[in-house]
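The stops below are given in the order in which they may be selected.

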Amino acid sequence: MKLLTRRHALGLCGGSILSSLAAQGALAHSRREEGPLFLTSATRDGGQHGGAILSSDGELLAEFALPERGHGAALRPGTRDAVIFARRPGTFALVLDTGTGMTRQLIPSRRDRHFYGHGCYSRDGAILFATENDFDGERGVIGLYDARDGYRRVGEFPCHGIGPHEMALMPDGRTLVVANGGILTHPDAPRMKLNLAEMAPSIAFIDATSGDLLLRHTPPDELRQLSLRHLSVRGDGCVAAVAQWEGAVLEQPPLIALLDRDTGLRFQVAPPAVAPRMRNYCGSVAFSKDGERFAVSSPRGGLITIWGGDGNYREAIALEDGCGLAAGAGGFVFTSGRGVVTSDGSREMRRHEEIAFDNHLIALNRP
Amino acid sequence: MRGYKVLIFSLFATGAVNIGPGVAAEAEGDGAKPDYAAIVQATVTGHIRPAYSRMAKASKNLALIMKAACRTDEGVTTPTITKSFMDVASAWVSVQHIRFGPVKDENRYERISFWPDPKNLTSRQMSAVLVKRDATVINAETLAKKSIALQGLTALERLMTMAPAEDREEAVFRCEYAQAITDNLVQISSSVEADWAADKDFPRLLGTPGPENPLYRDHREAALEVMKSLSAGLQFLHERKLVAPLGETLEKARPKRAEFWRSGTTLDALDANFETLMELYTKSGISAYVKSVDEGLDKTLMTSYEQALVTLKGIEKPFVEAATDKALRPKMDYLRFLAEDLQLRSSGNLANTLGLSLGFNALDGD
């Protein structure tokens with residue numbers, strides 16, 4: 001199926017952008033097969049940005065267009081709606097019904113804010129929280145959108161740091177956990193890092209109703225150039241946070257940490273033979289369903305590492321440009337920028353020509 | 001780094017990486033592949049080292065001239081200083097696309113030139129230190145620890161183009177600050193030059209990839225750095241240096257978004273930029289390889305570079321004026337078109353031909 005061009009997508013936003021054929025395909029599939037479906041941003045033929053819905057065994061069930069390159073996504077609890085955020089410094093988030101492919105809503109960012117690419121919903125699905133950049137104020141914020149009222153922006157919280165990236169709701173349903181990468185950027189200098197010498201990364205726990213800072217954990221000073229950008233939360237409140245190192249290339253800092261709200265970062269290291277293959281760069285992290293393991297992708301090194309729930313290194317799997325990962329029925333499902341979908345269970349690989357799967361993958365509810 | 005730091009030397013002593021079985025990295029494309037090791041080697045010896053060496057030399061020259069001018073109370077705006085600033089700016093632009101290796105250490109890249117600076121940090125921070133006569137900026141050693149916005153060419157360019165000092169004391173302070181900046185530039189650029197020497201860690205690792213090498217597992221991965229430099233360099237040139245200041249139309253031009261507009265050296269810098277990317281393309285041996293497998297592609301790329309250089313020579317007004325000059329605007333738009341065309345062809349067709357397609361997820365921090 002062919003993706004719509006960007007111009008078409010922009011013109012059609014607010015209407016259906018997933019072809020009805022694709023939607024029917026996804027629905028037919030969902031009735032037929034077992035295992036969760038997955039949602040990811042993707043780019044086709046080197047330039048047409050959109051998203052894709054995948055089956056557990058890597059079948060491409062549906063594709064849809066996005067105005068620009070997408071990044072992270074979140075599922076609205078109790079529904080089959082999902083939101084995909086534009087890649088930073090993007091200015092839209094798109095809500096779609098993953099069952100029919102209908103676009104529900106295109107959420108534009110405020111003029112003086114841009115999205116960072118991640119967000120999450122409140123437990124009841126009423127509020128969407130999005131990490132955003134208040135670029136003139138040089139601070140990160142969390143935008144609040146009322147999902148019951150057309151995603152009206154109803155307020156914002158400070159994120160208590162600079163460069164917020166991935167964010168999740170803690171199992172208590174009342175606390176947000178945010179990975180503040182610590183890097184100052186501005187949309188007029190896209191992707192230029194304005195403060196590498198004075199970086200201040202942190203993991204912040206924030207009250208989801210008041211926006212108050214509950215606790216914030218920062219790496220020790222010698223690791224202040226460790227940009228903590230992605231995280232995954234386990235049912236018991238344990239958080240796995242992964243980083244990208246902005247310091248000297250020949251240094252090899254730990255890139256992975258476990259923490260709880262009340263305890264600081266406990267850094268974990270891969271064996272000396274594996275650590276350098278991570279190329280000081282982690283792109284995504286996810287706990288397995290049972291919480292006994294978590295997977296970390298290192299796209300620059302073409303490596304996925306699997307860790308025990310206790311933080312001990314378990315194994316590594318080579319996957320060129322592999323970045324997207326999510327818990328599947330049994331183990332993990334991985335995607336790559338070379339169109340590969342694979343898992344740690346079967347190790348079978350499915351490759352889709354001419355499509356590049358973007359950094360993140362999320363599991364969907366069964367429609 | 002203390003407890004966390006693991007230097008590469010210890011890694012060489014460890015066993016082979018035990019990874020897999022996993023999913024094998026699939027080969028790209030079919031048929032003949034270039035000699036990746038030769039491309040990396042030629043790039044280092046024929047392009048990177050000479051370019052950093054020019055940068056270090058130009059910085060030293062500027063530092064000497066600055067010192068002399070300050071000694072004789074000539075100030076920081078003499079034609080000689082402007083001329084040698086232009087040399088340093090061009091030399092910097094000639095290595096600006098090399099964003100890997102020693103220049104990444106200690107924030108050297110950003111400290112040499114903090115640009116683009118959309119929030120005007122340079123201006124804001126400089127006003128503060130000038131008003132305060134902050135003594136830490138008039139010494140290269142202490143300046144090196146200050147904000148990156150206060151350290152490099154962007155700050156120096158401002159000092160050189162400010163309204164004249166109100167009194168002698170202020171003039172002396174500015175001169176001392178300018179000297180500290182140039183001394184700091186000498187220090188940074190000499191360190192980068194030295195760290196590219198054959199016996200140093202980074203070039204050694206780049207040239208000897210392998211399973212135990214912490215940075216590069218094979219020559220193809222090392223050659224990807226070259227391809228990334230070319231492609232990202234063209235993208236930066238197109239988006240930041242041409243699209244941003246030129247705007248969609250003449251009416252929407254914002255020429256003060258151009259690099260080095262204050263000193264009127266934008267066009268020289270653009271010339272150096274096209275020149276150095278063409279040099280990377282040819283001196284790396286990439287051009288010769290492409291010529292042997294796809295002569296048409298090589299010819300298109302070479303023609304575009306040459307056209308850009310010829311076009312630049314025909315623009316006889318400073319960039320800021322040319323961007324909004326009805327007669328010259330078509331030339332500016334043509335430059336922008338050439339840069340975009342070079343970028344698209346290089347990241348697409350050229351990268352594929354070389355078997356060096358850029359990783360989609362691996363490219364930039366997200």
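Begin by selecting residues 1–18 of chain B in this predicted model. Where pLDDT is low, the predicted coordinates should not be read in detail. For chain B as a whole, the mean pLDDT is 90, and 90% of the residues reach 70 or more. The complex is given an ipTM of 0.77 and a pTM of 0.85 by the predictor.

Remain in chain B and select residues 48–333. An unreviewed UniProt entry lists this span as "domain: Imelysin-like". The span is 65% helix and 0% strand, and its end C-alpha atoms lie 30 Å apart.

Now move to chain A and display strands β12 to β15. In which order do the four strands of this open sheet lie? The order is β12-β13-β14-β15, and the pairing is antiparallel. At the edges are β12 (164–169) and β15 (213–217) of chain A, each of which pairs on one side only. On average, neighbouring strands of the sheet are turned by 20 degrees against each other, direction ignored.

Within this sheet, select residues 175–180 and 202–207 of chain A. These are strands β13 and β14, which pair in the antiparallel sense over six bridges. Strands of a sheet pair through backbone hydrogen bonds, either parallel or antiparallel. For one bridge in particular, pick A:Ala179, whose partner in β14(A) is A:Ile203.

From there, select A:Leu231. Setting aside neighbours within four places in sequence, its contacts include both A:Ala179 and A:Ile203, together with A:Val177, A:Ala241 and A:Val285 among others. A:Leu231 is also one of the residues with the most contacts inside the largest nonpolar core, which has 103 residues; A:Val83, A:Val177 and A:Ala241 are likewise named there. Another core, of 92 residues, lies apart from that one; B:Leu62, B:Phe85, B:Tyr177 and B:Ala222 are among its members.

A hairpin of four residues joins β24(A) to β25(A), and the two strands pair in the antiparallel sense over five bridges. To locate one of these bridges, select A:Gly322 and its partner in β25(A), A:Ser336.

Key:
Residues numbered from 1 in each chain as written. Chains lettered and ligands numbered in written order. Predicted model: local features only at pLDDT ≥ 70, side-chain atom pairs only at ≥ 80, totals over all residues. pLDDT = per-residue confidence, 0-100. Contact = placed C-beta atoms within 7 Å. Pairing = 2+ DSSP bridges. Axes fitted to C-alpha atoms, helices over the stretch in contact; angles between N-to-C directions. UniProt positions renumbered as here; feature names shortened; annotations may be inferred. Core = buried A, V, L, I, M, F, W, Y, C linked by C-beta atoms within 7 Å. Buried ≥ 20, exposed ≤ 12 C-beta atoms within 10 Å, placed from the backbone.
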